Amino acid sequence: MSAGRHDRPEDLMRPEVLAQPAYAVADATGLLKLDAMENPWPWPGELEAAWLEALSEPELNRYPDAAARDLAARVRAVEAVPEGAGLMFGNGSDELIQILIQAVAGSGRPVIAPEPGFVMYGVLARALGVPFRGVSLRPDFALDLDALLAAIREEQPAIVFLAHPNNPTGRLEDPATVQAVIEANPGITVVDEAYAPFAGHSFMPQAGGTAGLLVMRTVSKLGLAGTRLGYLAAEPAWIDALDRLRLPYNINTLTQRSVRFALDHRDVLDGQARAIVAERERLLQALEALAGVTSVVPSQANFVLFRVGEGQGAAVFAGLRERGVLIKDVGRAHPLLADHLRVTVGRPEDNDRFLEALEAALARR
Ligand SMILES: *Cc1c(COP(=O)(O)O)cnc(C)c1O
C-alpha cells in the first residue's frame, strides 16, 4: 500500500487539537512525590486486608452495575448529597468535565472559567471544538467578579466553571461571590469542589435546589486517586440529560467496590484529611518565614502556591529535583504565575524534607 493513499493526522484533525500537547505527567521515579495533590498516607494494614477481602469474587467476567446503585447509595449517605439532587458518576471528574462540555457543543455558546485555573476546562473545550474564554483573576488571585460578570453578559456562556477552592492557587472564594455568578449566569455554573475535604465551605447543601448550579466532586484528592471516580450532583433534569452522554459501564467493578469499601471507613480518610490540613498550616507558616520566598498564597486545599525571586522559579524547581523532591513548576502556565511553584502537602517528614531542600535550593541562588 502506498503511504500517500491515506490521510495524515493533520489532514483530519483540527489544528488547535494538534497544537495541544498531550497531558504531561512528570516521571517521579526515585523522587519524593509532592506534585499531584495525592493523599500521602497509605491505609493501615488491617484496612488493606479487609479491602482485599471485599474485592474477592469480583465477577470480572461480567459488566459492572451500569447504574452503580450500591456506590450511589453510599455516596449519597456519606457525602450528604441532598435528597432532591440527581447524582452521576464519571471516570474521574475529568470525564464529567468532558461530558458537560460535550453536552453544550453545538449550542454556539462558550465555556468560561477564571484563569489561572484548572487546565482541563480549556483543554477539553478545545478538544471538543467549543469556544473557551478565560477571565483573568486579580493579581492576588481573587476572583475578579466585575470582569467575570461582564464576560457573562457579553458571551452568554453555556457553562462557567468555578473551582472552589481553585487550583493552582488554593484560594477559596467568598461563597457570596460564587452565588452572584450562579445567579447572573444564564447557563450552568459548575462548582468544582475537588478540594472539599480540606476546605471550610461547600455548595453541596444547595445541589439540586439552586437553579443553574451543578456541584462536582472527586475522591482523588481525598485519598483514592487510583480508583478514578468523580461525581456530579444537580437538579435531576440536568443529570438525566447529561446521562445520555455517559458511556455505558464507565465506572468499573473494582472502582465501585473499592470506593464503597473506602467510604465505609471514611473516618480513616477524614483523619488523614485533618492531618493534611494541620500540616498545610505548618507549611504555610514555614514558607512565610523562609528568606527567598517572596509570597505565599493562603490555601484551603491540600497544596500551597508560593513565589520565589524574579526569574528564579525554574532554577528553584530544578534545585529541588536535584535534591530528590518533585513539586510543580507552574511558572509558565499564566503571566500571574511567573516564578510560582506549587507543593502538595505531604506527611510531616515529607514536608520537613521539602523545606530543607527548598532552603538549600534557595541558598544556592
Ligand atoms: C484534580 C482536579 C480535578 C480532577 O479530578 P479527577 O477526579 O482526578 O479527574 C478536577 N478539578 C480540579 C480543580 C482539580 O484540581
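Modeller: A definition is needed at the outset: Ala, Val, Leu, Ile, Met, Phe, Trp, Tyr, Cys and Pro count as nonpolar, Asp, Glu, Lys and Arg as charged, and the others, Gly among them, as polar. The model under discussion is predicted.

Biologist: How do the residues lining the second largest pocket divide by these classes?

Modeller: They divide into 6 nonpolar, 6 polar and 1 charged. The lining has 13 residues, and those nearest the centre are Trp43, Gly223, Leu224, Ala225 and Gly226. By the definition, Trp, Leu and Ala count as nonpolar, while Gly counts as polar. Helix H9 (residues 220-224) gives the most to this lining, with 3 residues. The volume of the second largest pocket is about 260 Å³.

Biologist: Why is the second largest pocket said to lie between domain 1 and domain 2?

Modeller: Domain 1 (9-43 + 268-363) and domain 2 (59-264) both give residues to its lining, and therefore the pocket lies between them.

Biologist: What makes H12 roughly parallel to H14?

Modeller: Helix H12 (residues 266-288) packs against helix H14 (residues 348-363) at an angle of about 15°, their axes being 11 Å apart. Angles under 35 degrees count as roughly parallel, and H12 is therefore roughly parallel to H14. The crossing in which H12 passes H14 is right-handed.

Biologist: How many cavities of 30 Å³ or more are there, and which residues lie nearest the centre of the largest cavity?

Modeller: The count comes to 1 cavity of 30 Å³ or more. The largest cavity has a volume of about 150 Å³. A cavity is a set of points where a 1.4 Å probe fits but cannot get out. Of the 16 residues lining the largest cavity, Pro114, Leu143, Leu162, Ala163 and Asn166 lie nearest its centre. Strand E3 (111-115) and strand E5 (159-163) each supply at least two residues of this lining, and E5 gives the most, with 3 residues. By class, the lining has 11 nonpolar, 3 polar and 2 charged residues.

Biologist: Which residues does a cis peptide bond with omega of about 5° join?

Modeller: That bond joins glutamate 115 and proline 116. Proline 116 is in the loop between E3 and helix H6 (120-127). The bond from asparagine 167 to proline 168 is also cis, with omega near 15°, and proline 168 is in the loop between E5 and helix H8 (175-184). Most peptide bonds are trans.

Biologist: What is the phi of methionine 37?

Modeller: Methionine 37 has a positive phi of about 55°, although it is not a glycine. Most residues other than glycine have a negative phi. Methionine 37 is in the loop between strand E1 (32-33) and helix H3 (45-54).

How values were computed: Residues numbered from 1 in each chain as written. Predicted model: local features only at pLDDT ≥ 70, side-chain atom pairs only at ≥ 80, totals over all residues. Heavy atoms only, no water. 1 Å grid on protein atoms, 1.4 Å probe; cavity = no way out; pocket = protein on both sides within 12 Å on 5 of 7 lines; lining within 4 Å. Points joined across faces, edges and corners; volume = space filled by probe spheres on them. Helix = DSSP H or I, 4+ residues; strand = E, 2+ residues; numbered from the N terminus. Domains from an automatic or database assignment. Axes fitted to C-alpha atoms, helices over the stretch in contact; angles between N-to-C directions. Parallel < 35°, antiparallel > 145°, perpendicular 65-115°, else oblique. Left-handed = near helix turned anticlockwise from the far one by under 90°.
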